[in-house]
Amino acid sequence: MKLETIAIHSGNQVDAATRAVIQPITLSTTFERGEDGSYPGGHVYTRASNPNRASLERVLTQLEGGDDALAFSSGNAAGGAVFQSLGSGAHVIAPDDMYHGLKKLLLEVYRGILAVDFLDLSDPANVRKAIRPETKLIWIETPSNPLLKITDIRAIADIAREHSCLVGVDNTFATPVFQRPLALGADLVMHSGTKYLGGHSDVLGGILVTKEKNDQWAKIRTVQELSGAVPSPFDCYMTVRGIKTLPYRMRGHYENASKLAAYLLRHPKVEQVYYPGLAGHALHEVAASQMCGFGGMLSFLVKGDAEAAHKVANSVKVFLQATSLGGVESLIEHRFSVEGPATKTPHNLLRVSVGLENIEDLIADLAQALDA
Ligand SMILES: *Cc1c(COP(=O)(O)O)cnc(C)c1O
């Protein structure tokens with residue numbers, strides 16, 4: 001079946017007892033055993049599995065074209081489960097422009113446990129040079145946060161295969177609507193379900209999808225069950241609900257972002273626009289070869305310093321000045337002040353999560369903010 005149909009039906013089951021069309025939320029933490037000691041309902045205890053979580057995991061498995069999925073209480077818990085499954089002493093190659101929460105997890109929690117090189121993955125040669133016998137994971141984020149850098153997933157997967165290391169892709173920005181990393185050679189896909197999957201800025205969650213149910217996946221499943229960073233049944237329900245409209249929302253985000261990027265590119269007070277859909281983006285051709293749409297995230301540099309960028313962010317009236325992304329409402333954020341002094345993010349960069357408002361209102365809002 002096609003994406004739109006999967007998004008609506010795969011995460012739902014008509015309730016057998018009441019014939020309710022929408023699957024109810026199963027809050028029970030424990031499930032009754034049969035007389036022979038079996039579990040006829042298929043569930044034992046909600047930390048291990050739950051009907052709403054099973055539905056969320058099923059729809060993501062199908063959307064990403066994988067073999068299985070695991071849901072977590074946040075995107076960081078999902079990424080962290082992969083890192084935790086590697087074992088101490090493993091070497092990890094990660095992007096220099098990486099979601100800063102996951103980068104901090106590697107730097108602060110996995111310090112002394114994993115050896116991590118943060119590299120510019122937009123050039124696959126950098127990966128080839130850095131790979132060593134104990135390299136177990138190459139972590140890709142494309143498009144990346146906040147510079148919208150592009151990594152060639154096929155090229156990195158080819159290098160990884162020669163060295164039998166895993167390739168994991170943070171697919172939060174693109175979503176399976178625009179990019180399916182498993183079909184491009186990746187082993188694992190990660191999402192912050194908090195962003196486009198939930199889509200309404202009101203639920204926290206994370207997902208992993210695997211191409212194959214192998215030994216590494218069994219280790220990750222053990223981390224999920226025993227570390228216990230699992231989403232509540234309500235969170236799973238909310239995410240499944242959001243996913244039903246994901247394909248249509250993503251088209252709207254993409255259309256609005258493309259128009260906003262084109263507008264900003266011509267604006268005299270804008271120094272640079274980072275959006276993979278622009279012909280001038282350094283890796284536009286690679287993006288076009290692995291994505292069927294360029295998504296709803298963009299960043300731009302305001303001419304001047306951090307103060308000039310702050311002034312724009314402080315002057316918007318329709319955009320909300322807040323962190324996060326992927327909701328229906330447009331957000332704008334000065335990333336440098338969120339990421340702190342160690343970051344390479346330019347001081348005059350504003351990141352925009354382009355929402356689903358009318359594009360004319362969004363353009364008019366940024367126009368007045370840039371002239372303020
Ligand atoms: C938000 C985000 C994460 C982390 O997800 P949480 O749900 O906040 O834990 C990871 N990667 C990317 C690209 C993100 O935007």
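## A buried pair: E333 and R335

E333 and R335 are both buried (under 20% relative accessible area, with exposed over 50% and partly exposed in between, for a 1.4 Å probe and protein chains only). Their side chains meet in a salt bridge, at 2.8 Å from N to O. A salt bridge here is a side-chain nitrogen of Lys or Arg within 4 Å of a carboxyl oxygen of Asp or Glu.

This is a predicted model: local features need pLDDT of at least 70, side-chain atom pairs count only at pLDDT 80 or more, and totals for chains, interfaces and linings use all residues. Residues are numbered from 1 along each chain as its sequence is written, and side-chain values use heavy atoms, leaving out hydrogens and water.

Strands are DSSP runs of E, at least two residues long, and helices are runs of H or I, at least four, numbered from the N terminus.

R351 counts as buried because its relative accessibility is 3%. E333 has 6%, so E333 is buried too. Salt bridges with shared partners join E333, R335, E339 and R351 into one network.

## Another salt bridge

The whole structure holds 13 salt bridges. One of them joins the side chains of D120 and K149, at 3.3 Å from N to O. D120 lies in the loop between β3 (115-119) and α5 (124-130), and K149 in the loop between β4 (135-141) and α6 (153-162), 29 residues apart. D120 is partly exposed because its relative accessibility is 27%.

## The largest pocket

The largest pocket has about 370 Å³ of space. On a 1 Å grid over the protein atoms alone, a pocket is an open set of points where a 1.4 Å probe fits, with protein on both sides within 12 Å along at least five of seven lines; lining residues have an atom within 4 Å of a point. Points are joined across faces, edges and corners, and a volume is the space filled by probe spheres set on them.

Of its 17 lining residues, D96, K103, A342, T343 and K344 are the closest to the centre. Helix α4 (residues 100-109) gives the largest share, four residues. Domain 1 (3-241) and domain 2 (246-371) both contribute to the lining, so the largest pocket lies between them. The domain bounds come from an automatic or database domain assignment.
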